[in-house]
Amino acid sequence: MRILVIEDDSSVAEFIVKGLEDAGFNVDHAADGQQGLNLARAGVYNVLIVDRMLPQIDGLSLIQALREENDKTPALIISALGEVVDRVKGLKAGGDDYLVKPFAFAELQARVEAIGRRNDVNAPETSLKVTDLEMDLLTHKVTRAGTNIMLQPREFRLLEYLMKHAGQVVTRTMLLENVWDYHFDPQTNVIDVHISRLRQKIDKDFDYALLNTVRGAGYMLHDPQ
Amino acid sequence: MIRSNIFASYTFRYTFAYITGLSFAVFVLLAIVYAFFSYSYSQQVYNDISSELDGVEHSFNESGVAGVQQYFDSAVQRGDFTHYFYMLADEDYNKLSGNLDAWPQFTRYQGGWLCFEFDILHDSYPLSTHKSAISSRQDFVGRSLTLDNGYHIIVARHYADVIHTTELVIGILVRGMLVTIVLGTIAGALISRVWLRRVEKINHNIMNIMNGDLNQRIEVDGRNSPDIQKLIVNFNAMLDELQNSMEGIRRVSDNIAHDLRTPLTRLRNRLELLSDKVEPHNQDEVYDLIDEADSLLNTFSALLRITRIESAQQREGFGKVDAATILADVVELYEPLAEDKQQQIIFEAHSRPILYGDRDMLFQSWVNLVDNAIKYTQHGGIIKVSLNVVVEKDEHNTEQRFARIFVDDNGQSIAEDERENAFRRFYRVEASRGLVPGNGLGLSLIAAIVHLHRGEINLLSNNPGLRVQLDLPLARDD
C-alpha cells in the first residue's frame, strides 16, 4: 500500500513516516499543502494522511479540491482540533476518517489500514466470510462451520464490522465510533465485555479462536492459519 | 410580575421613607403657617375691637348717649365686612343704646377677652352677609369698658368667621399633606418601576452570563442615568477581569494537559515499538506500561474535555435529540457489564422528550452515570434508569417542562457532606478510594455537560444506594 503523508510538523511527520515504513508501507511525505496537492494529483496513492493545519493550502481545502476533481483516494485527517463539530467539518470536506492529535501509532495504523481496504471493495457485499465463519448481510444469518449462531442486533453489527476488517487491527475507539456511532470516552473497558460476549458465541465451542486481542492496540478477527 | 416587585423593591421603600419625611416637613411648614396666621388674625381682632371701644368712648365723652347712638348708626351704615355688636349700658347694666338686646352673661378670659352666647333674634341690624350660615345662637367675642361715670360699653363680634377661617386653613393643610403623599407615592412607584426595569434587565444579563456565556456583556444604554451606566461599566470591567483570569487558568491547565499529552504519547509509541523487540517473557511488562500510559492519557483527555466544555460557547453541535433513544443505547452498551456482576439493569421511558443538546455529550454524561452506578453497586444489585417529563412552576409562576432522568442504584451511597464535593475534579469519595478504579473526573464531566445544557444535577439518597436526579430543559417547539 502506498501512502502520502502531508504534514508540516517535521517531528510528527518523521514519526508517522518511520512507523508506517516499519509496518511495511511505501510512504511519501509532503511538508506543505501545495506540494501535497501536486503529489496527490499523481494518483498513485492508496491512502492520504492529511494534517488539517497546513501552510499554503489547508488540509480541508486540499481534500475538497481533490474531491472536486473526482479523486476518491481515501483520506485520513489528523488534527489537534478534537471536538465533534471539528470532526463533522472534516468528514463533510471529504475526509474518510478523522484522528485527533496526539494519537497512538497503533490507532493511526489501524485506521489507515481500514480506509485503505475500503477502497478495494467496490460492489456492495451481500455476504462475508472468514474461514468457516459466514455472515449473510441480507438475512442476518450467521453460521460457523455450519452451526447457526444467534446474535443480538448490536452483536451482529459488531461482528459485521470486524469481518469487514478481517485481518486488520480494529481499535476500541473505531468500534465505538462505527458500531455504536457515538464519540465518547468509555470510563471502563466496556467494549471488552461486548467482545468477550461475542467471543463466547463465535469461538467458544470451536477448534480455534478467530477473534483475538491485540495487546496495546485493539482486536483482530482473522484466520489463524 | 414587575408590579408585585415594585412595592417590595428597595427603591420603593426608599421613596416611601422619603415621602414620610417630606410629609412631616410639609406638616411642620403648614403648622408654622397656621400658627403665624392665627396669631396675626387674633392680633387684628384685638386691634379692631380696641379701636371700636376707643371710638365709642370718644363719642360718649364728646356728645354723651346721643353721640354714642350716632356712632353706632354710622358704624352700621359703614357696611363693614365685619359686623360689630355694640351696647351702651348704665351703672346697673340697663341698655341705653346699641344693637345688643341686653347685657350678656359672659365668661372672662385672659387679657380682658369676653366670650358669650347670645340670642340675636331681635337684632335691629340684620347680618346681611352671613345670615344663612349662622344660626340664631352665636358665639361672640368681645371686650368691655367701664366709663368714668360708671356706664359700661361692650363691643363684640362673631367668632364664627374666625372658626371658619381656621377650618379653612386646617383643610388646606390636610389636603396639602394628602396631595403630597398621593403624588409622592405615585412618583415613587413610577420611579421604582423604571428603576426595576433597568435592574431586571441587568439581572437578566447577569443570569445569562452566569449560565456560561462569559463573553456576554451588559449593554450600556444611553437612556440610563449616569450612575447606572457607571455600575454597568464597572460590572463589565469586572467581567473582563474575571474572564481574563479564568482564561489564564484555563490556558495554564490546557497547556499542562496538552504539553504533557504529546510527550506521553511519544512515550507510549516508543513502548509500542519496544514491545516487538523485547523477549517474550518481558512483553507483558511493556504492555502493562502501555496500559498505564493510556490511562494517564485518558485522564488528560478528560481534563481537557471538561475545561473545554466548561468554557464552552460550543453549542455548535447542538440539535434536537431524542433522550429515550440515547438512554436506551447507553443501557444497552452497559447491560453486559452489569450482567457480569449479576446486576439487573432496568430502563423505563415514561415519555419521549426531545431535548436540545449535543448527542455525543449527552451520551457521554449518561454513560458516566450508569458506569458509576454499576461500579459502586455490589454484585447482584439493581440499577434503574428512568425517564420522565416533569412540569413545575418556576418563581414567576410560569410552567416549565423538562426531562427528568433518575439513575437509581441500591449500592453505596455518597455521604451527604461529600455530595457537594463529588463534582469537583479529581475528588474521589473517601469510601471508594483505591477500591474502585477511576480518575475522579466522571462526575465533573457530567456536571460540565449538564451545565452546558442548562440542566441541573442532584445527588439524592435512595435508601440504600444513590439516586442521581438529572433535569434537562426540553427543546422549544420551533
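Which residues of strand 9 (residues 354-357) of chain B form its covered face, and which form the uncovered one?

Tutor: The covered face of strand 9 of chain B consists of B:L355 and B:G357, while B:I354 and B:Y356 form the uncovered one. This is a predicted model, in which local features need pLDDT of at least 70 and side-chain atom pairs count only at pLDDT 80 or more, although totals for chains, interfaces and linings use all residues. Residues are numbered from 1 along each chain as its sequence is written, with chains lettered from A and ligands numbered from 1 in the order in which they are written.

Let us begin with the partner of this strand. Strand 7 (residues 319-322) of chain B is joined to strand 9 of chain B by four bridges, and the two run antiparallel; two strands count as paired if DSSP finds at least two bridges between them. Within this pair, B:K320 stands opposite B:Y356, and B:Y356 belongs to the uncovered face of strand 9 of chain B. In chain B there are nine helices and 13 strands, where helices (H or I, at least four residues) and strands (E, at least two) are DSSP runs numbered from the N terminus.

Next comes a sheet in chain B. Five strands form an open sheet in the order 8-10-11-13-12, with mixed pairing. Its edges are strand 8 (344-349) and strand 12 (456-461) of chain B, each of which pairs on one side only, and from one strand to the next the twist averages 20°. Strand 8 of chain B runs parallel to strand 10 (residues 382-393) of chain B, and six bridges join them; in this pairing, B:K384 of strand 10 is the bridge partner of B:I346.

A helix covers part of that sheet. Helix 7 (residues 359-375) of chain B lies across strand 10, strand 11 (399-409) and strand 13 (466-473) of chain B, and it runs at about 30° to strand 11; axes are lines fitted to C-alpha atoms, for helices over the stretch in contact, and angles run from 0 to 180 degrees between N-to-C directions. Helix 7 also packs with helix 9 (residues 442-452) of chain B at an angle of about 145°, the axes being 9 Å apart. The residues that make this contact (C-beta atoms, placed from the backbone, within 7 Å) include B:M361 and B:L369 from helix 7 and B:L445 and B:I449 from helix 9.

The interior can be described through its nonpolar cores, which are sets of buried Ala, Val, Leu, Ile, Met, Phe, Trp, Tyr and Cys residues joined through C-beta atoms within 7 Å. A residue is buried if 20 or more other C-beta atoms lie within 10 Å of its own, exposed if 12 or fewer, and partly exposed in between. The largest core has 102 residues, and among those with the most contacts inside it are A:L48, B:W366 and B:V370; helix 7 of chain B gives the most to this core, with nine residues. If neighbours within four places in sequence are left aside, B:W366 is in contact with B:I326, B:L327 and B:V330. A second, separate core of 20 residues includes B:V68 and B:M87.

B:M87 is found in strand 1 (residues 84-89) of chain B. B:M87 is buried because 25 other C-beta atoms lie within 10 Å, and it touches B:K95, B:G98, B:L100, B:W103 and B:I154, not counting residues up to four places away in sequence. B:M87 and B:A102 are 15 residues apart in sequence and 8.1 Å apart in space, C-alpha to C-alpha.

Finally, chain A. The contact between the chains takes 30 residues from chain B and 23 from chain A, and helix 7 of chain B is one of the elements that give two or more residues to the side of chain B that touches chain A. In chain A, A:L48 has A:A75 of strand 4 as its bridge partner, and four bridges join strand 3 (residues 47-51) to strand 4, which run parallel. Five of the five residues of strand 4 (residues 75-79) of chain A are buried, so this strand is largely enclosed by the rest of the structure. From strand 4 of chain A, A:A75, A:I77 and A:S79 point one way and A:L76 and A:I78 the other way, and all are buried. Buried residues make up 39% of the 225 residues in chain A and 24% of the 478 residues in chain B.

Technical notes. Two residues are in contact if their C-beta atoms, placed from the backbone, lie within 7 Å.
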